[in-house]
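Please look over the model shown here before reading the report on its sheet, core and charged side chains.

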Amino acid sequence: MHDWQLQDAKNRFSEVVKRARDEGPQTVTVHGQRAAVVVSAQEFDALIKPRMPFVDFLLTTSPGQDPWPDDVVDAINDRSQDSGRDIAF
């Protein structure tokens with residue numbers, strides 16, 4: 001990661017963007033303090049990509065793996081949604 005002073009980043013913005021695409025995140029500083037980070041569009045998209053629920057992750061097949069048997073999927077989907085019991089303190 002490369003640090004850029006704000007004035008340098010403004011003057012050489014096309015280079016900042018090129019380096020973000022080719023080398024990774026570029027930090028912009030103001031008065032020596034980190035103020036912003038320039039990342040490639042691909043990296044940004046990966047950061048904001050919605051995350052799937054854990055159960056869906058488990059049920060999703062990976063390349064080369066057989067899908068989960070239907071009875072396992074049914075058991076997961078039919079599980080109790082009860083969050084537990086109330087406890088008196």
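## Basis of the model

This is a predicted model, in which local features need pLDDT of at least 70 and side-chain atom pairs count only at pLDDT 80 or more, while totals for chains, interfaces and linings use all residues. Residues are numbered from 1 along each chain as its sequence is written, and side-chain values use heavy atoms, with hydrogens and water left out.

## Sheet and crossing helix

Three strands, in the order β1-β2-β3, form an open sheet with mixed pairing. The edge strands, each pairing on one side only, are β1 (2-5) and β3, and neighbouring strands of the sheet are turned by 35 degrees against each other on average, direction ignored. Strands here are DSSP runs of E with at least two residues, helices are runs of H or I with at least four, and both are numbered from the N terminus; two strands pair if DSSP finds at least two bridges between them.

Between β1 and strand β2 (residues 26-30) the pairing is parallel and extends over four bridges, and D3 has T27 in β2 as its bridge partner. Helix α2 lies across β1, β2 and β3 and runs at about 165 degrees to β1, where axes are lines fitted to C-alpha atoms, for helices over the stretch in contact, and angles run from 0 to 180 degrees between N-to-C directions.

## Nonpolar core

The largest nonpolar core has six residues, namely W4, A9, V16, A20, V28 and V38. Such a core is a set of buried Ala, Val, Leu, Ile, Met, Phe, Trp, Tyr and Cys residues joined through side-chain atoms within 4.5 Å, with buried meaning under 20% relative accessible area, exposed over 50% and partly exposed in between (1.4 Å probe, protein chains only).

When residues up to four places away in sequence are not counted, W4 touches A9, R12, E15, V16, R19, Q26, T27, V28 and T29, a contact being heavy atoms within 4.5 Å.

## Salt bridges

The structure holds three salt bridges, each defined as a side-chain nitrogen of Lys or Arg within 4 Å of a carboxyl oxygen of Asp or Glu. R12 and E15 meet at 2.7 Å, N to O, and E15 and R19 at 3.2 Å, so that R12, E15 and R19 are linked in a network. E15 and R19 both lie in helix α2 (residues 13-22), four residues apart, or about one turn of the helix. R12 is partly exposed at 38% relative accessible area, as are E15 at 25% and R19 at 22%.

The side chains of D22 and K18 meet in a salt bridge at 2.7 Å, N to O. D22 and K18 are separated by about one helical turn, because they are four residues apart in helix α2, and K18 is partly exposed at 46% relative accessibility.

## A buried loop serine

S40 is found in the loop between β3 (33-38) and α3 (41-48), and counts as buried at 12% relative accessibility. A polar atom of the S40 side chain lies 3.1 Å from the backbone nitrogen of E43. Leaving aside neighbours within four places in sequence, S40 is in contact with A20 and R21.

Methods
A polar contact is a pair of N or O atoms within 3.5 Å; within protein, one must be able to donate a hydrogen and the other to accept it, and residues adjacent in sequence count only if both atoms are side-chain atoms.
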